[in-house]
Amino acid sequence: MPVPSPLPGADSAYPITLPDGSPHRGTVNLKNVIDHPRFEVGDFTYASDFDPPDDWAGRLAPYLFPFSQEKLTIGKYGQIANGVRFIGSSANHATNGISTFPFAVFDPETMLGFQPDTRNTTVGHDVWIGYGALILPGATIGNGVIVGAGSVVRGTVPDYAIVTGNPAQVVRMRFAPDEIALLNALGWWDWPPEKVAAARPALEAGDIAALAKLAPT
């Protein structure tokens with residue numbers, strides 16, 4: 001049986017090495033390139049961009065400021081395609097008055113205390129967010145979710161759902177309810193990297209029973 005390849009280094013900024021030995025700078029381990037007090041991301045979660053920015057946090061979440069009251073949290077082993085944007089709660093305007101114009105933003109005395117929407121945005125583990133998807137304020141995306149290209153996601157997306165469209169809707173579930181419960185209980189994304197590397201055949205084959213046998217004790 002071939003030995004599973006090691007996982008790309010959790011401490012590396014650029015997890016993909018091209019055939020010529022150079023790093024592919026259009027794909028990054030987000031945890032190692034983001035330094036933002038309101039943006040948390042887990043190990044091995046990567047993002048790709050055809051025009052890689054210097055500021056990955058600013059590219060992915062342009063309305064998330066260091067003084068924002070909400071947080072953006074993304075779990076481990078996430079996959080974020082080119083053009084994905086997280087529209088944080090800081091982007092929202094108050095809607096309970098006659099006008100939605102954010103007068104307070106233009107006054108330095110009141111700017112920092114003005115945020116009518118403070119909902120957090122949360123993405124689970126092993127989530128694939130496809131090309132150009134838009135994640136709206138306060139969205140909660142479960143573990144193992146697939147977000148189709150160009151989707152506009154709001155509200156709560158259940159674990160292991162596939163969602164597409166605007167607004168994004170569940171088109172199907174990836175596994176049966178009991179399988180989803182087992183996958184969440186196994187929490188393979190929290191295993192040591194060497195255990196995940198050893199479990200790669202089961203993960204790639206969709207063999208949940210085999211994965212369960214490899215769980216750390």
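The structure described here is a predicted model, and its largest pocket has a volume of about 810 Å³. The elements that supply two or more residues to the lining of the largest pocket are β1 (27-29), α3 (193-198), α4 (200-205) and α5 (208-213). In total, 33 residues line the largest pocket, and of these Y77, D126, W188, L203 and E204 lie nearest its centre. By class, the lining of the largest pocket comprises 21 nonpolar, seven polar and five charged residues, and at least three residues are drawn from each of domain 1 (27-174) and domain 2 (175-216).

The second largest pocket holds about 320 Å³ of space and is lined by 16 residues, of which F65, F67, S90, V105 and F114 lie nearest its centre. The lining of the second largest pocket consists of 10 nonpolar and six polar residues, with no charged residues.

P66 is found in the loop that runs between α1 (56-60) and β4 (72-74). With a relative accessible area of 54%, P66 is classed as exposed, because this value is over the 50% cut-off. When its neighbours within four places in sequence are left aside, P66 is in contact with H36, P37 and R38.

Terms used: Residues are numbered from 1 along each chain as its sequence is written. This is a predicted model: local features need pLDDT of at least 70, side-chain atom pairs count only at pLDDT 80 or more; totals for chains, interfaces and linings use all residues. Side-chain values use heavy atoms; hydrogens and water are left out. Helices (H or I, at least four residues) and strands (E, at least two) are DSSP runs, numbered from the N terminus. Buried means under 20% relative accessible area, exposed over 50%, partly exposed in between (1.4 Å probe, protein chains only). Contact means heavy atoms within 4.5 Å. On a 1 Å grid over the protein atoms alone, a cavity is a set of points where a 1.4 Å probe fits but cannot get out, and a pocket is an open set with protein on both sides within 12 Å along at least five of seven lines; lining residues have an atom within 4 Å of a point. Grid points are joined across faces, edges and corners, and a volume is the space filled by probe spheres set on the points. Ala, Val, Leu, Ile, Met, Phe, Trp, Tyr, Cys and Pro count as nonpolar, Asp, Glu, Lys and Arg as charged, and the others, Gly among them, as polar. Domain bounds come from an automatic or database domain assignment.
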